[in-house]
Amino acid sequence: MMSFNEIAGNALLFFLVFGMSATVDIHMLLLQLKNIKAILMGVFLQFAILPVLGFLVVKYGTLDRSAGISLLVVTSSPGGSYSNWWCSIFNADLALSVTMTAISTLLSVVLMPANLLIYSRYAFAHADDADVVDSLDFNSLFIALTVVISAIGLGLFASAKVHSYKFNIFANKLGNYAGISLVVFSA
């Protein structure tokens, strides 16, 4: 059974991602899907370089086990929710950000556990630390991934079906309030 904090956190995450996705022009997103160079670069950096950097900090830094595991999880996770928010706030390329979030979240179903398995085994090579991957709560991770994927899908669906300036303003405010609330809630 999920706790209130987990439910509230997932709901805020959903509204953040939905709000940002719903403001993206679907035609701009489809155009970004053709931007193969940017997508491949983003995927490479997200799932190859970032996990390696996290591993190096864990392996050669002076982090304790729990901080090291946390860093490996963060550096192996897909990018997304907050980058979408920052892109919206600073009027950057939100369509590219949402496209990358969608792709990296889908790929993370396989690549995140693979990176965690590989890098945690080498970072914690001691016999008593061999169960690092087994100690992770993959159920919670996959719930969060499902929340993000469904929020992107529903947000893009709403964007394609509802062509209203008022709706875009509402969705943007919803995402912004959810983002602020998630930061406060996480503190």
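The model is predicted, with local features needing pLDDT of at least 70 and side-chain atom pairs pLDDT 80 or more, while totals for chains, interfaces and linings use all residues. Residues are numbered from 1 along each chain as its sequence is written, and side-chain values use heavy atoms, without hydrogens and water.

**Exercise 1.** Determine how the axes of H3 and H6 are oriented to each other.

*Solution.* Begin with the geometry: H3 (residues 36–60) and H6 (residues 94–123) pack at an angle of about 30°, and their axes lie 9 Å apart. The axes are lines fitted to C-alpha atoms over the stretch in contact, with angles running from 0 to 180 degrees between N-to-C directions. Next, apply the cut-off, by which angles under 35 degrees count as roughly parallel; H3 and H6 are therefore roughly parallel to each other.

**Exercise 2.** Describe the secondary structure of the protein chain and the share of buried residues.

*Solution.* First, the chain comes to nine helices and zero strands, where helices are DSSP runs of H or I with at least four residues and strands are runs of E with at least two. Then consider burial, defined as under 20% relative accessible area with a 1.4 Å probe, protein chains only: buried residues make up 40% of the 187 residues. Finally, the C-alpha atoms fill a box of roughly 60 × 40 × 25 Å along the principal axes.

Methods
Angles under 35 degrees count as roughly parallel, over 145 as roughly antiparallel, 65 to 115 as roughly perpendicular and the rest as oblique. Buried means under 20% relative accessible area, exposed over 50%, partly exposed in between (1.4 Å probe, protein chains only).
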